[in-house]
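Please look through the model shown below, and keep it in view while reading.

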Amino acid sequence: MDELRIAKEDFSEFLNGLKDCYRLYGPVQQGDMVNFLPIQDAAELDLSFKNTVLSPKSLFLPQSERLFEYSLAPDRDDAHILKEAPRDDSPRAVIGIRPCDARALELVDVNFDTDKLRDPWWVKAREATTLVGLGCTSPCSTCFCTSVGGGPFDEAGLDVLLTDVGEVFLAKVLTDKGENLLKTGKAFETAEKELVDRAVTIQQEAATKIVSRVDTSRLAELDTLRLFEADFWERLHFSCINCGVCTYLCPTCWCFDIQDETHGLAGVRIRNWDSCMFPLFTLHASGHNPRGEKIQRVRQRFMHKLKYYVDKYENGVACVGCGRCVQHCPVNIDIRQVFQLMNEYKS
Ligand code: SF4
Ligand code: SF4
């Protein structure tokens, strides 16, 4: 695949030139946070961010998404008939997505885009999107991507990978989508060997900056039921307040609920993020709740990510090591410690 030289002074002009063909999204300062938002001008981008607070999963699985609309008006021929809600699936590009977040989309694909089941909203959003990744040169102390199959310059899920080499970006083209995007507008020169070598050095140095590690080596072989009954869940769950922050920030959490809302005679069916940390998530109409206790919900979150997903998909753990849940849990529950408890468990 091609490796191109993009002078930073040309990058903004290039992005602004894409606007006729792509809707653009990228990291934007929002108060004291940086999050992925639509942009009208490349000047809005903040490419110096360490990690966004919210992952960009909301671009593919919005926190609240209108799926269908319907009318309850008795005099209408189409009363009670569900119609797909209007949506924009024209091409778009996400600029500056981190490799861990792009990899997370591939981990979620195994649930939403399979031979047996395709979630059309997820699939259309994925197909419409070109991902231009920006490798991490200054990872956070809570990042552990290298222990869970990724890395600060991992290419999984990306269409283009940018390496910041001072005054220029080295752009590695990874897919046809990426090639088409880079062919739109300005023509870039092939990178010279000296630039490629400098980028490789930067990438290798970045990997050594990931100092946080987890061990996943025994997770697949552990007996599921024995792990389920392990005594450490009793200690682990105690301080959790079931706020759901960890699941909302996580790029690989995909739980949702579907509700109908009506205003007068107009109705809409909406999909909203939900969380295994919330007691209502599993409450049955009968009143029975199979995960009515906090310990059951905390266990579910970690068993799903580190055991059920591992066994069901044989695709590693459902965690890309972004460290968001470590940074933002209000009671300091740290998934790295849970990795250790689970991986070292001896029944
Ligand atoms: S962020 Fe922490 S306290 Fe909140 S639900 Fe997750 S583990 Fe529990
Ligand atoms: S579980 Fe935590 S560290 Fe792992 S991907 Fe989710 S938010 Fe990131």
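This is a predicted model: local features need pLDDT of at least 70, side-chain atom pairs count only at pLDDT 80 or more; totals for chains, interfaces and linings use all residues.

Helix H9 has a kink of about 55 degrees, centred on His304. The bend at a residue is the angle between axes fitted to the seven residues ending there and the seven starting there. Residues are numbered from 1 along each chain as its sequence is written, and chains are lettered from A and ligands numbered from 1 in the order in which they are written.

How far apart are the end C-alpha atoms of H9? They are 27 Å apart, which agrees with the 28 Å that the 20 residues of H9 (294–313) should span at 1.5 Å a residue. The expected span of a helix is 1.5 Å times one less than its number of residues. The buried residues of H9 include Arg297, Arg301, Phe302 and Tyr309. A residue is buried if 20 or more other C-beta atoms lie within 10 Å of its own, exposed if 12 or fewer, and partly exposed in between, with C-beta atoms placed from the backbone. Among the elements that cover the buried residues of H9 are helix H6 (224–228) and helix H11 (335–343). Just after H9, Glu314 takes a positive phi of about 50 degrees.

Now turn to the strands. An open sheet of eight strands has the order E3-E2-E6-E7-E8-E9-E1-E10, with mixed pairing. Its edge strands, E3 (33–39) and E10 (189–190), each pair on one side only. Two strands pair if DSSP finds at least two bridges between them. Strand E2 (residues 23–30) runs parallel to strand E6 (residues 92–97), joined by three bridges, and Arg23 has Arg92 in E6 as its bridge partner. E6 in turn is joined to E7 by five bridges, again in parallel; here Ile95 is the bridge partner of Val132. Val132 also has a bridge partner in E8, namely Val160, and E7 and E8 pair in the parallel sense over three bridges.

Is E7 buried on one face or on both faces? Both faces are covered, with Thr129, Leu131 and Gly133 buried on one side and Thr130, Val132 and Leu134 buried on the other.

Strand E4 (residues 64–71) pairs with strand E12 (residues 266–273) in the antiparallel sense over seven bridges, and Tyr70 stands opposite Gly267 in E12. E4 also runs antiparallel to strand E5 (residues 83–84), with two bridges between them.

Between strand E7 (129–134) and strand E8 (160–165) lies a loop that holds Thr146. Thr146 is buried because 21 other C-beta atoms lie within 10 Å. Not counting residues up to four places away in sequence, Thr146 touches Gly151, Ala207 and Ile210; contact requires C-beta atoms, placed from the backbone, within 7 Å.

Last come the ligands. The residues around ligand 1 include Cys240, Cys243, Cys246 and Cys329. Around ligand 2 there are 13 residues, and the closest are Cys250, Cys319, Cys322, Arg324 and Cys325. A residue is near a molecule if its C-beta atom, placed from the backbone, lies within 6 Å of it.

Key
Helices (H or I, at least four residues) and strands (E, at least two) are DSSP runs, numbered from the N terminus. Two residues are in contact if their C-beta atoms, placed from the backbone, lie within 7 Å.
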